[in-house]
Amino acid sequence: MCELFGVNSASKIHLNDLLKDFFSHSEHHPHGWGMAVFYENSVSLEKEPLQASKSVYLRERLKHKIEAQDMIAHIRLATVGTLEYENSHPFVKRDNYGRTWTLAHNGTIFDYSKLNPYIWLQEGKTDSERILYYLVDRINQEQAEKQRMLSGEERFLLLDRIICDMAPGNKINLLIYDGEFMYVHTNYADSLYIYQEEGTAIFATVPLLQKKWEPVPFTTLLAYRRGERIFTGTEHGHEYKNNKADMKYLFVDFAQL
């Protein structure tokens, strides 16, 4: 599976050591790397369809100071979509009111027909990018009906409904940032952890460095702002567990990469 890394903090923190540890896992996740650093509604996106440990660019990038309040990083073990730039995470899309949404996904959508229309609209071929297109489309629909931007609570409640509807039968570990909130969700056991201190929340698929990590609350969408949890969604109870049928699906798709 892929690995996720995310930061949501009240102030800038130094990230080089954490990122070096995170990207060192790329030997087992060789199909691409990416990181997005956020400045309110703007995003600096860097990614390659290349194993992180083999990237000359990333090696040079990590020699220089990287500080951020909010960021998302990803290393990819491909299950859906070929090894191309367009299939590397994170993915970015703006809604009709100009809000920037950024998503990284560790998981697979096995059955959720509401994503199918976006196969012909997305830039790449991943199910992860389709999730983002669908989320932003739903945001746009709600805003069109209300004829205004959604509030933070309204955005969260909509995403909570979508995740609860999408979760049955699908593996959905997500980090999403909308310029204000970091949305976090996992429904696959032991695959997303949080390190938290006052004003800072750090998320990772595998605990990094020698810090006190705890599992992220399970099967529940969460939203963080400035390092503190602001919203807690519905405990939907749809844990994803590996099964033979899904593994066969992944093997067939991976064989095409």
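Here are a few friendly notes on backbone geometry and residue surroundings in this predicted model.

1. Let's begin with the backbone in general. Most peptide bonds are trans, and most residues other than glycine have a negative phi.

2. P90 itself sits in the loop that runs between β4 (67-75) and β5 (91-94).

3. D190 is not a glycine, yet its phi is positive, near 60°. You will find D190 in the loop between β8 (182-185) and β9 (193-197). Is D190 buried or exposed? Its relative accessible area is 62%, so D190 is exposed, the cut-off being over 50%.

4. T219 also has a positive phi, about 50°, without being a glycine. The loop between β11 (214-215) and β12 (222-225) holds T219. Its relative accessible area is 4%, and because buried means under 20%, T219 is buried.

5. A223 lies in strand β12. With a relative accessibility of 0%, A223 counts as buried. Which residues does A223 touch, leaving out those up to four places away in sequence? The contacts of A223 are F156, F181, M182, Y183, E228, R229, I230 and F231.

6. One distance may be handy if you are setting up a check on the coordinates. A223 and L19 are 204 residues apart along the chain, and their C-alpha atoms are separated by 22 Å.

How values were computed. Residues numbered from 1 in each chain as written. Predicted model: local features only at pLDDT ≥ 70, side-chain atom pairs only at ≥ 80, totals over all residues. Heavy atoms only, no water. Helix = DSSP H or I, 4+ residues; strand = E, 2+ residues; numbered from the N terminus. Buried < 20%, exposed > 50% of the residue type's maximum accessible area, 1.4 Å probe, protein only. Contact = heavy atoms within 4.5 Å.
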